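I'd like to walk you through one structure, piece by piece, so please have a look at it before I start.

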Amino acid sequence: METRVRTAADDAEFEGYLAQTRHAFGKVPYDHATLRAHGVATVAVRGTQVLGGGLFLPFAQHFGGRPVPSGGVAWLAVAPWERGAGLARRLTEEGTDRLRGEHGAVLACAWTPAPGMYRRWGWEAAAVASSYALDPAELPAPPPGYETVVPDEAACARLRERLSPGWNGPLRRPAWWHGWRQRVTEGALTLGVVPEDSRTGTGSASRRGDLAGYATVTVEPHRPWGVTAVVHDLWHEGLDALPALLAAVGARSPQVREIRFRRSVLPRPSPLQWVLSRYAVREDGWYPWMLRLLDVRRALQARGWDPQPRGGLGLEVVSPEGRTAPYALTFEDGLLHAQRGSHRSPRTVRLPSATLAAWYAGGLPLRQAARLGMADGDGRDLALLDALAAGPAPWLPESF
């Protein structure tokens with residue numbers, strides 16, 4: 001009997017998908033009704049039996065300082081007795097095709113412990129995430145000049161919008177994201193810090209947008225006693241505000257014995273190494289986030305680039321199946337134009353689609369990729385493209 005991959009037709013098919021997430025992860029997606037309502041739910045169906053599925057969430061991500069239409073792959077699950085038959089790839093291609101066709105996504109990202117599987121489909125790791133834990137006794141004394149506040153979401157959003165363009169990967173969070181995160185982090189408290197001279201009233205940040213940092217924190221039991229302050233979201237402007245913000249997190253409860261930053265909350269390398277007087281931090285590695293360009297030409301043109309390099313090159317992108325797609329690139333003043341077809345100049349760089357994705361995110365310079373056998377081209381041309389992509393480092397602070 002034929003196995004069909006499609007959008008979940010009804011609640012029964014979606015429930016069948018949730019049953020497969022229980023087999024794969026031991027749980028169902030957090031607040032899955034919201035994710036289904038705002039994203040795309042794909043399923044693999046044979047007869048009346050659901051063999052797997054996935055959630056595909058439309059949003060924008062910052063790359064090179066500009067928001068790029070994107071989407072996230074989440075909770076991809078296939079029945080244990082059906083694994084190895086290619087259903088995961090079919091589900092992913094169906095979902096990302098829907099993101100591209102219905103939401104204009106030109107790239108997609110995913111958190112996965114199985115990068116090799118995604119790599120075979122043309123994806124590549126952009127960056128690896130870590131979680132961090134430290135003893136609050138190791139924190140430096142907070143600097144003078146900051147006060148702790150309880151900011152509203154509008155103030156937090158303004159700070160994120162100001163800081164996100166400095167990284168490759170952060171989401172421009174859709175309107176529903178804040179409410180969803182509140183539901184999946186029950187009991188969370190958001191604390192912020194503002195310069196003392198910018199205060200306009202007790203308990204709220206200034207309307208002038210001068211929130212210098214915020215952290216969203218929950219508490220968990222800590223053995224043998226006390227609690228761990230768990231940081232789910234943290235943004236700060238410069239290093240000066242970070243000690244004040246960490247002090248506010250440590251004061252979340254008088255019983256805080258440990259501060260733990262959940263995976264991907266801090267970039268790598270973390271700013272802790274430049275703040276702490278004594279680096280007694282435990283780092284636990286997590287898995288990477290992967291990236292794939294769904295539409296190479298549009299993705300290249302949507303991203304921001306360094307304004308200094310000027311010129312043109314040929315680019316050949318090689319699919320996992322060995323098919324080659326040529327592009328002619330011209331770039332000037334931070335903008336890149338990509339035209340399908342061969343470049344007139346013999347100067348051509350040849351990249352697997354996976355290498356292109358990692359370079360696009362700032363996670364793999366092409367000169368390093370060439371040393372690893374993951375790129376082919378003249379060293380001067382590779383250096384020119386690396387200079388074009390210089391600037392923001394990869395960081396995806398959201399998990400989904």
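Let's begin with a term: two strands pair if DSSP finds at least two bridges between them. Helices (H or I, at least four residues) and strands (E, at least two) are DSSP runs, numbered from the N terminus. Some background, too: strands of a sheet pair through backbone hydrogen bonds, either parallel or antiparallel.

A word on where this comes from. This is a predicted model, so local features need pLDDT of at least 70 and side-chain atom pairs count only at pLDDT 80 or more, while totals for chains, interfaces and linings use all residues. Residues are numbered from 1 along each chain as its sequence is written, and side-chain values use heavy atoms, with hydrogens and water left out.

Okay, first stop: a sheet. Four strands form an open sheet in the order E17-E16-E15-E18, and the pairing is mixed. At the edges sit strand E17 (335–340) and strand E18 (348–352), each pairing on one side only. On average, neighbouring strands here are turned by 30° against each other, direction ignored. Strand E16 (residues 324–332) and E17 run antiparallel, joined by six bridges.

Contact, by the way, means heavy atoms within 4.5 Å.

Next, another helix. Which residues of helix H5 (residues 153–163) are buried? They are Ala 155, Cys 156, Leu 159, Arg 160 and Leu 163. Why are they on the same side of H5? Because they cover an arc of only 135° around the axis, taking the directions from the helix axis to the C-beta atoms. Buried means under 20% relative accessible area, exposed is over 50%, and partly exposed is in between (1.4 Å probe, protein chains only). The general idea is that an α-helix has 3.6 residues a turn, so residues three or four places apart point the same way.

And what do those buried residues of H5 pack against? Strands E8 (167–168), E10 (189–195), E11 (213–221) and E12 (227–236). E10 pairs with strand E7 (residues 146–149) in the antiparallel sense, over four bridges, and Tyr 146 is partnered there with Pro 195 of E10. E10 is also joined to E11, again antiparallel, by five bridges; Gly 192 has Tyr 214 in E11 as its partner.

Disulfides, meaning pairs of cysteine sulfur atoms within 2.5 Å, number zero in the whole structure.

Last stop: two single residues. Thr 3, in strand E1 (residues 3–7), is buried at 13% relative accessible area. Leaving aside neighbours within four places in sequence, Thr 3 is in contact with several residues, including Ala 44, Leu 51 and Leu 87. Tyr 118 belongs to helix H4 (residues 115–119) and is buried at 4%. Tyr 118 and Trp 180 are 62 residues apart in sequence and 27 Å apart in space, C-alpha to C-alpha.

Notes: Axes are lines fitted to C-alpha atoms, for helices over the stretch in contact, and angles run from 0 to 180 degrees between N-to-C directions.
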